[in-house]
Amino acid sequence: MKKSAISIIAAGFAVAQTLTGQNETLMKLWYDRPAAQWVEALPVGNGRLGAMVFGIPSEERIQLNENTIWAGQPHRNDNPDAKAALPVVRKLIFEGKYQEAHELVGRSFISRNSQGMCYQTAGNLKLTFPGHENYTGYYRELNLETAVTTARYEVDGVTYTREVFASFPDQVIVLRLTASEPACIGFTASLNHPSNVNSSTDGGNILKISGVTTDCDSIKGALAFQVQVKIVTEGGSVSANDSSIVVDRADEATCFISIASDFVNYHDISADAGEQADQYLQNALQKQAGQIMKDHIADYQGYFKRVSLDLGVTDAVKNPTDIRIAEFAEGNDPQLAVLYFQFGRYLLISSSRPGGQPATLQGLWNDRLRPPWDSKYTININTEMNYWPSETTNLSEMNEPLVQMLRELSETGRQTARDMYGADGWVVHHNTDIWRMSGPIDGAFWGQWPMGGAWLCQHLWEKYAFSGDTDYLETVYPVLKSAVEFYLSFLVEEPEHGWLVVCPSVSPENAPSCHRRYSIAAGTTMDNQLLFDLFTRTIRAAEILKKDSAFAARVGDTLKKLPPMQIGKHGQLQEWMQDWDDPEDHHRHVSHLYGVFPGSQISPYRTPELFDAARTSLIFRGDPSTGWSMNWKINLWAHFLDGNHAYKLIQEQIKPAQFPNPEGDGFIEQGGTYANLFDAHPPFQIDGNFGFSSGIAEMLVQSDDGCIDILPALPDVWKTGSVSGLRARGGFEIQKLSWENGRLTGLAVKSNLDGNCRIRVHCPVRAEGDVSLKPAKKKNPNPFYRIPEIRKPMISKEAGLNAVEMQPVFVYDLPAKAGKTYTILPKETP
């Protein structure tokens, strides 16, 4: 490259640092040593391309991903024997013969040919630096303000710096290497991959590997992919052999990484991976490299800077991030909770962009061919949790890949509904993958849950509820309607009460202690809650769009025949139709509490008996658990209006996931947080990161119970703070919310739609200016805050319920206009 172009690279990086205050921000993860393992490396991503950066001075490793590189190829995984076995299974369940039903489901329902394909690594870029084994002054960081990783160290009086970022506008990963002295950059670069690939060099400065993804189950691997790395230097020399490139005595070097596959869509792999990778690379090289970085930062910050949170700063910020994690539970480090919250938002921006694939069980990042749980889409909680913060934390665009996946599942799931159940509409079970498989997998205990589509459809509605975009609602209404059509034709009458129930099904991944090995059941509480939401929201969508009135009436009639929620003999919300719950059951899933969160059927204001029973169930489950489970519980305790208990779960989450094995080498792992802030199931699952961000938002603002609830679950430790940019349903945005000593000091709400703005606060307030702020009376007239009425619960005669005690609240209405911002302040104390 010409010197002038390299100078522009340097200038672009310098401008980026100046614009963002890179060296000053507290919004960064930082360490005083390189990553020794994958869960210490730092992630970058642009939604399609991802990298884990180790920052090792003598042998840098950049582990690579591209979100369409999956094992196998387009295929189906339905078991056609299910249709004939369905009435037999139902009879066995209704007769209480759960073992026989379980065994028959295993034989006749679970897929024989595919348990889902694996998301796979794209390989590693390795850079070897002779003489860099002995270094001093080591520092590395991930700057959340710029989405750039930096590693810096000194060898023989020379300071070396590496910067890595993944550009969405230019669809490449960029690695820049500089030194404080000229002619000091020298390394050997190569690509490797855990499977058989073809390695080559091209033109003396381009590395390539080409391969095909592996077989999985009985499905032949057929997806081709290619990685290309172009190395551009200023000064020095560049030479190549068959599989590596040597840079010697350069002033600086930049690596441009491009990756692509043959993937077109879930049923078409006719693209040309090499041609696409080359096109991405050549397009990026048309721009000056400094501009690539500047455009990357501008694009990223357009999303990230929408939300800010301040809970205060202590001296703990002077410690490396891994030390802060270890000391959090016993220390005073509110800024680490802020960093964790914003890290979740960073991960969502980095792993899920419009036009791409949704975030998997590990988001975008995976270093294996057979990752844990195949790094698929587990849709009985995990994929849903990935997107909980997308609306509340002002990242709505990032859930567009999920919406597109639902459109595609409504296509593949139609054949599953017809061939397996003889039903209308579409269905998907507890897992799917890039090929949009929709049949049940993994065995009867886990897989026979035909509710994945019902839960995912809630996200379609929530996207509308936050935006009010009827054009969008029109596009997803067919998916909602078709999902409802499946259940209208699949529900069956159970013999004891005559209720219409989903059968066969499970309460995800759990079973009652009375037959612990067999989860198969009918009419589980979560199923009924999901159908209540799916049915009421589809009816509402039909009303809004002024269509399908007869269909909506039919859905309404069916809704009345669903089982009510039940409170059992221990005072708990029953997980099953029968009173089978065990107070000693500490299972990680809390599926029957969906009606508290992310659902909103259970409320202290509207359903106090159910509220108390659900809280009792959560107390029975306990606090410590897998990472994602603890983060669900943060959200739940926020909705139980108990900020201190939510904070207790935050302390459980922000603790080291690894500690040395006292009996040998390696680590013992537990639910918590890895050194790079990745959530630990263990192993790493990204859902917990997203659940944490959602939980913080829900502690500060809620909008699912008839109003905007301000500071509903503020813990005592967050005495003073502020937040801006959170969103509420009905097109509202919290432009500023501040508090001191636990008391509201200011609130600014922007309305993007016309409609009543009802707020619930814990002190009397007044509005600034000529604004009509009055105490609320009757139901909220804003249609986005309409709450469907649930059936009265059935309560065991043995149940002992507790009174629901809450802080005093004040509820106000103001008539909001689109585009206006309203400032609300506490009334002066006499």
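Residues are classed by relative accessible area as buried (under 20%), exposed (over 50%) or partly exposed in between, with a 1.4 Å probe and protein chains only. The structure is a predicted model, in which local features need pLDDT of at least 70 and side-chain atom pairs count only at pLDDT 80 or more, while totals for chains, interfaces and linings use all residues. Residues are numbered from 1 along each chain as its sequence is written, and side-chain values use heavy atoms, with hydrogens and water left out.

The structure holds 40 salt bridges, each defined as a side-chain nitrogen of Lys or Arg within 4 Å of a carboxyl oxygen of Asp or Glu. One of them joins E95 to K91, with the closest N and O atoms 2.5 Å apart. E95 is partly exposed, at a relative accessible area of 38%, whereas K91 is exposed, at 51%.

A salt bridge is also formed by R727 and E391 (2.6 Å, N to O). R727 belongs to strand β30 (residues 726-728) and E391 to helix α9 (residues 388-392), so this pair ties together parts 336 residues apart in sequence; helices (H or I, at least four residues) and strands (E, at least two) are DSSP runs, numbered from the N terminus. R727 is buried, with a relative accessible area of 15%, and E391 likewise counts as buried, at 5%.

E66 and R48 form a further salt bridge, their closest N and O atoms being 3.1 Å apart. E66 lies in strand β4 (residues 59-66) and R48 in the loop between β2 (42-45) and β3 (49-53), 18 residues apart. Both residues, E66 and R48, are buried.
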